[in-house]
Structures are given as C-alpha cells and as structure tokens.
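Have a look at the model before reading on.

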Amino acid sequence: MKAKQLIAAAAGTAMALTLAACGGSGAGETTDDATNTAGGDSGETFRVGVAMPTQTSERWIADGDAVKSQLEELGYEVDLQFGNDDIPTQSQQIDQMITNGADLLIVAAIDGTALAGQLQTAADNGIATIAYDRLIRDSENVDFYVTFDNYQVGVQQATSLLVGLGLLNEDGSEGDATGPFNIELFAGSPDDNNAGFFFNGAMSVLQPLIDDGTLVVTSGQTDFDTVAILRWQQETAQKRMEDLLTSTYSSGAKVQGVLSPYDGLSRGIITALQNAGYSGTTADGFPIVTGQDAEIASVKLIADGVQFSTIFKDTRKLATQAVTAAEEILAGGEPTANDTETYDNGVKVVPSYLLESDIVYASNIQSLLVDSGYWTAEEVASGVAE
Ligand code: BGC
C-alpha cells in the first residue's frame, strides 16, 4: 500500500472537511464529508478512484452513483469519472486518479484490453484494482472482479426469446409452439469481455434449436464477429437491423425474433423494425426482442408489449459487492470470492464475486423492479427516470 494522505487522528475530521471544502486534490467529484477512516486506528482517509465507461447508458450512471454513495457512507473520499466511451479519456482519467493519490481503483473498462499500462502504474504505487462488471484483460494487476454470472445472463436472454416465441413458458415448461421461427442474432462489443460470455451463454440454448431447424437464422449470420456491435452503440444496431431487413427480408419472409444483448441495442432494433412496417405489440405479431439492464425506456416498452424482455442486474447489489471488496482490500485482507475458476484474463484467473440476474417480462415488472424500489410505477408508466 502506498503512503496515504496521512491525517492525524485527532484533527482528522476537521482537516478532511477543510480539504474537501477546498476542492480536494484535483479533478472529479469528491466527497464533502470525508470523515471516516479505513484500516483501523491509523487515522488515514482512503481515497477511491471509480472509473465508469459512459453516461449514455443509464445503468452506468446508476452504478457510479451507487458505488460513490456507498463508499461515502463509509467515510471514503471518492473520485468518480465517466469515460464517454472513449478509450484515451478513460486512460487519462485513471492516470489522474493515480496522480491524485488514489488508494484503490474500481474500474468498469471501456476496452477491457486497453488498461494494462494504467494498472501497472497503479500496482507500482501499491494501488489495488477491482474490475467492476467488465473484466480487465491482459494484466496481472487485477486484484479482484465483481460482476454477474455473465454466461447465465446469456442463457436467460435466449430463454426469454424462446418464451416470446412460445417454445417455452415463463415457468420453464414446454410451450405450445413448434416453429420453425425466423430469428436474427446480435452480440455486444467485441472489446468487452462480457459480450462473448453473453453470446456463448445464449448460443448454448439456441444452437441445438438452430441445428434441428426449430430456429432459422435467415441471414445466416451466426458468428460472434459478424453479429457483434462495437461499443454497444444503438445506432450501429439499428443500421445492422435495417441492412438485414433489406438484404434478407425484402421478399416476404418475416423476422419473428431477435436476440439482443442490451436494451440500447434492442431499442435500435425495434426502431428499424417499426420503420420497416412491423407494428403493434408482441401479442399481435411484433417480433420478439430481448434485452439487458432493465433501462427505464425499455421497461416501458415491455409494459407496452413492444419489447418482450430484459435482464435485471441490480446495480445496487453490484455496488455493494465492490464496496465490500474495497473495504477488505484496504483493511489489508483478501476479498471474498465465490468463483475462482471462470474469469481468466489472459494472464491469470481473477478471483471473482458473481451475482445472479433475473429475466424481466411484462408480468413481473411490478415484483422485480417496482417492489424492490429500482423503478417507481410512475417511471415505468412514463419511461423516464426521475
Ligand atoms: C454490461 C451490460 C451492459 C453492456 C452495455 C456490459 O459490459 O455487463 O450490463 O448492457 O455492457 O453497457
């Protein structure tokens, strides 16, 4: 551990407040009540750098806010930055956090392969790094990884597609439909380690049904590199769906289902379908489109019967897990893992804590999202976060 910003125990509170009032030590949001200390009686105030990828997706704003507020409640100083989906911006932000005296980094990478240099500098300064939701690859300096069971998220996405098509019921029992159904596949950003896990999980469910003819990928585009959407961009997904509709579905065939791994992509896909004349709700034949993240605009579309499903990953719980791991590391201990096998980052298997996710259908928006306080009933009705 590097030398900390030493604040004498007796004067700690007052001095920390003064420092915070003076704007702390640089860019970024810092706490204004950095009164507590970690690591026992040393009187040190720990500073945590939190790097999130983007503010264009609501989940990362929620993640950033949750991590920041939970750390602040424990008395840590927090430097929270969002990288605008731009790799150099995120690298510079992390460099800056290190310069500003971070004691620990929590990082959700934009490009999981682009941060080895920053992590090396951090390690050289005794700063531990927790990879947040997205694994950081090609670096031995990833101390811990908190995420969801990403393969299972993919399984759930594909399962919800089958439910929408009527091949399965929501309770997992066999549905009445037999197919064949025309589907198309989308995957996430190829530089995000999660994207492959989602896709492989989904294909573990879909491939046997493609093989036996129940599902037909009409375009023939089934390999990850072809169906991946760089940086998870909604516009790119809309454009690819438009191209598919023109190239593959212009002579009468109808697309009936689309595997989409993220709500932003789902909305782009839905727009392309609507612009091409698909209309109404899934109950009257609008194609089944899946998703991920329970973004409010998509939750409203699900309530309205336009998008069929999404996957709920409770960002509050992930934040809590990251904060718990941060506390354990800053106290000089080992963070508690529940998976020490799955996440090989190319250099080592990173000890991980995996959380579970849930499939959201119109039928369980209330119980999963409203009753848990994730969204209010008003937000679901308006489709806008308040
Ligand atoms: C996250 C997903 C998210 C996607 C796009 C992934 O790394 O795990 O929850 O939908 O990035 O932001």
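Domain bounds here come from an automatic or database domain assignment. This is a predicted model, where local features need pLDDT of at least 70, side-chain atom pairs count only at pLDDT 80 or more, and totals for chains, interfaces and linings use all residues. Residues are numbered from 1 along each chain as its sequence is written, and side-chain values use heavy atoms, with hydrogens and water left out.

So where does the ligand lie? Domain 1 (3–142 + 314–355) and domain 2 (150–313 + 361–370 + 374–382) both give residues to the shell around the ligand, so the ligand lies between them. The shell includes Arg59, Trp60, Asp133, Arg134, Asn194 and Lys313. Sorted by class, 4 shell residues are nonpolar, 2 polar and 6 charged; Ala, Val, Leu, Ile, Met, Phe, Trp, Tyr, Cys and Pro count as nonpolar, Asp, Glu, Lys and Arg as charged, and the others, Gly among them, as polar.

| Residue | Distance to a ligand oxygen |
|---|---|
| Asp133 | 2.6 Å |
| Lys313 | 2.9 Å |
| Asn194 | 3.0 Å |

On its own the ligand exposes 310 Å², and the protein buries 99% of that (areas come from the Shrake-Rupley method with a 1.4 Å probe). Helix 2 (58–73) and helix 6 (193–211) are the elements that give two or more residues to the shell; helices (H or I, at least four residues) and strands (E, at least two) are DSSP runs, numbered from the N terminus.

Now the backbone. Most residues other than glycine have a negative phi, and most peptide bonds are trans. Asn84, in the loop between strand 2 (77–82) and helix 3 (87–99), has a positive phi near 50 degrees. Gly179 and Pro180 are joined by a cis peptide bond, with omega about 0 degrees. Pro180 is in the loop between helix 5 (150–165) and strand 6 (181–185).

Terms used
Near = heavy atom within 4 Å. Polar contact = N/O pair within 3.5 Å; in protein donor to acceptor, adjacent residues only side chain to side chain.
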